[in-house]
Amino acid sequence: MDATVGAKPPAKLAAADSGLSERVRLQYEVEQFLYAEAALLDARRYREWLGLMADDIHYWMPIRRTVTLSDLDLEFTKSGDMAYFDDDWGLLEMRVKKLEAGSAWSEDPPSRSRHFVANVRILEVAGDEITVEVCFHLYRTRLNSEVGGWVGRRLDVLRRAGGGFRLARRHIFLDQTVIPTTNMSTLF
Amino acid sequence: MADGAQPIEALWGAAAIRALFDPTTGWLDRRVHSDGALYQLELERIFARGWNFVCHESQLPNVGDYFINYIGEDQVICVRDEAGQVNVLLNTCRHRGNALCRAERGRAKSFVCSYHGWNYALDGRLIGVPGQSTYYRGDLDKSRLGLVKAAKVESYLGFYFATMASDAPSLHDYLGDVGRTGLGMVCANGEVEVVDGIQKNIIDCNWKIAVDNLFDWYHVMYSHASAGSAGFLDLAAIVHPKDQMVMLGDYGQAIGGPGLPKEMQAKIDRMSDEERVEYARSGQSPFPRVRPRMAIELMGPEGVRSMGHPNLFPNVWITLGGMQMCLRLPRGPSHTELWWFTFVPKGAPPAFRQAIVRQATHLFGPAGLLEQDDGENWSQSTRAASGFSRSKVGAALLMGLGRDEVSVGENGQQVIEGYVGEHAQRWFYRSWTEWIAARDWAELETIRSPAPTGVV
């Protein structure tokens with residue numbers, strides 16, 4: 001999964017004048033989409049956020065384990081085994097419905113969250129799909145003094161739709177192995 | 001001991017401990033959820049003394065496979081050695097105490113300490129000490145410096161347990177009929193294996209609040225209302241508040257929750273396995289699961305009716321019809337680590353396995369649609385137990401007290417049936433006071449209450 005870490009450096013500027021401006025434009029579009037999406041979550045506008053998800057979204061957070069260097073193949077659970085999130089659109093909608101129910105006590109009083117998205121790198125453009133790697137820090141505080149959060153790396157696939165994007169895939173790789181919080185009642 | 005410090009027994013004598021819970025009134029002293037000295041006694045008198053679930057055999061298929069678990073706060077390495085035996089070893093080097101194993105699972109040929117390089121075999125023998133002949137001048141007796149082993153390791157249905165007490169009763173007797181029925185629930189569809197991936201999270205609550213909550217079918221409709229609204233599950237179809245059955249066993253073992261009425265089970269008993277599958281599929285069954293014929297062998301004629309939650313004393317919760325198990329590991333008086341194990345029958349058809357994994361992923365665990373709403377109730381209850389004034393307000397385990405009766409089934413299995421109540425919670429805390437008051441196994445055997453009979 002970390003095979004993408006050494007992605008190629010940008011091509012020489014001189015050789016790719018027109019290419020560069022295209023890439024800058026795409027980078028800008030992608031970042032603006034990710035920032036706007038994060039802002040919807042921080043503002044608790046969950047229904048609008050759901051509107052940015054493609055019908056075939058796969059929203060997945062495998063379980064990470066502390067393993068030795070020689071056992072790194074065991075670090076993450078595989079697809080089909082246990083995970084923290086392994087959601088399709090219907091399940092994400094259930095999470096939104098739960099938050100809207102008026103009886104989701106773990107979010108009433110609501111958490112204050114801040115989604116930081118950084119190190120945005122476009123890894124691949126294939127047809128209308130763009131694979132993006134980001135680092136994130138999701139800070140959450142709630143009640144008077146509860147402070148917690150999650151840090152990790154995401155692989156997102158954005159798909160062009162209409163004038164903008166829809167999120168077709170979000171794979172979330174946490175850096176934490178024991179989740180340090182009472183719950184994960186938040187969306188990533 | 002520092003000046004002015006008192007031994008724990010001076011702070012908490014047997015009479016004071018017994019007074020923390022009054023089974024005749026149902027009032028619980030909330031200091032049991034906050035007091036640091038009581039917590040130290042729990043590590044000694046419950047966790048080190050009792051039988052602790054450490055791993056399932058399917059987690060260690062090959063020689064050298066290891067899995068880290070805990071007995072209380074003592075980390076143990078569970079590892080399969082060259083002879084095929086599962087060893088449970090304290091994860092602490094005999095030289096200076098460093099943890100030998102710092103990964104949570106993996107494969108090892110031996111365990112080498114990262115501090116000075118002492119090397120231990122998979123069965124705990126010390127097999128290598130750098131500088132043994134030079135620095136130690138050859139007079140270090142390695143045979144006396146193997147890793148400390150659990151006093152006893154035994155298994156039932158592939159589940160391994162360990163105790164640090166050499167005089168503990170056998171695992172079979174410790175679990176008793178109620179505990180064995182609980183593990184039988186896990187294997188009621190056949191031998192199981194662990195699905196890869198154990199969800200872990202930490203909640204700032206006392207471990208016993210997480211335990212007593214598993215018997216609490218009163219909170220489900222309210223705490224988890226939003227999971228029902230979201231359409232993930234039909235809470236009313238799960239809870240059956242008027243068809244509850246509780247089984248209480250020696251040493252604090254208990255099962256609580258909904259149960260099939262006797263006449264319903266009698267009807268199922270007459271069906272073939274194929275007819276049972278059809279009965280569940282057609283929606284005629286009051287519960288989504290109908291167990292196959294073999295289940296009665298493992299759970300008994302009364303136990304097989306349980307659709308509830310066994311707890312293997314002290315901290316092993318069995319749920320999701322036996323397909324999940326959650327450990328509540330103590331991390332000080334006000335923190336608990338939750339570990340979720342998921343099981344599937346060996347060789348289960350892919351669609352069946354997928355259905356179990358889907359339920360397990362989305363129901364429980366920190367992001368689970370049901371479980372999300374539990375943690376804050378527990379943490380706030382814990383926090384309120386440490387205030388000066390709030391800690392003096394007792395916890396009221398009054399529901400159903402004196403209103404129900406233990407009935408004895410044809411094979412001797414004892415069941416309390418009726419409305420949602422707090423019988424199992426009272427039994428858990430009553431047993432807890434006895435475990436904490438007794439200084440050793442012999443004393444526990446003398447003072448402990450037998451499983452209740454008659455009116456409860």
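1. The centres of domain 1 and domain 2 of chain B, taken over C-alpha atoms, are 33 Å apart. Domain 1 covers 52-155 and domain 2 covers 172-447 of chain B; these bounds come from an automatic or database domain assignment. Domain 1 of chain B brings 7 residues to the contact and domain 2 of chain B brings 8 residues, where two residues are in contact if their C-beta atoms, placed from the backbone, lie within 7 Å. The domain 1 side of this contact has 2 nonpolar, 4 polar and 1 charged residues. Here Ala, Val, Leu, Ile, Met, Phe, Trp, Tyr, Cys and Pro count as nonpolar, Asp, Glu, Lys and Arg as charged, and the others, Gly among them, as polar.

2. On provenance: this is a predicted model, in which local features need pLDDT of at least 70 and side-chain atom pairs count only at pLDDT 80 or more, while totals for chains, interfaces and linings use all residues. Residues are numbered from 1 along each chain as its sequence is written, and chains are lettered from A and ligands numbered from 1 in the order in which they are written.

3. Between the chains, the contact takes 31 residues from chain A and 38 residues from chain B. On the chain A side, β2 (83-87) and α3 (89-100) are the elements that give two or more residues. By class, the chain A side divides into 16 nonpolar, 9 polar and 6 charged residues.

4. Chain A has 3 helices and 6 strands, taken as DSSP runs numbered from the N terminus (helices: H or I, at least four residues; strands: E, at least two). Their order from the N terminus is α-α-β-β-α-β-β-β-β.

5. The C-alpha atoms of chain A fill a box of roughly 55 × 45 × 30 Å along the principal axes.

6. In chain B, helix α5 (residues 207-214) packs against helix α13 (residues 375-384) at an angle of about 130°, with their axes 9 Å apart. Axes are lines fitted to C-alpha atoms, for helices over the stretch in contact, and angles run from 0 to 180 degrees between N-to-C directions. α5(B) and α13(B) are therefore oblique to each other (under 35 degrees is roughly parallel, over 145 roughly antiparallel, 65 to 115 roughly perpendicular, the rest oblique).

7. I209(B), A210(B) and N213(B) of α5(B) meet W378(B), S381(B) and T382(B) of α13(B). The residues of this contact divide into 3 nonpolar, 3 polar and no charged.
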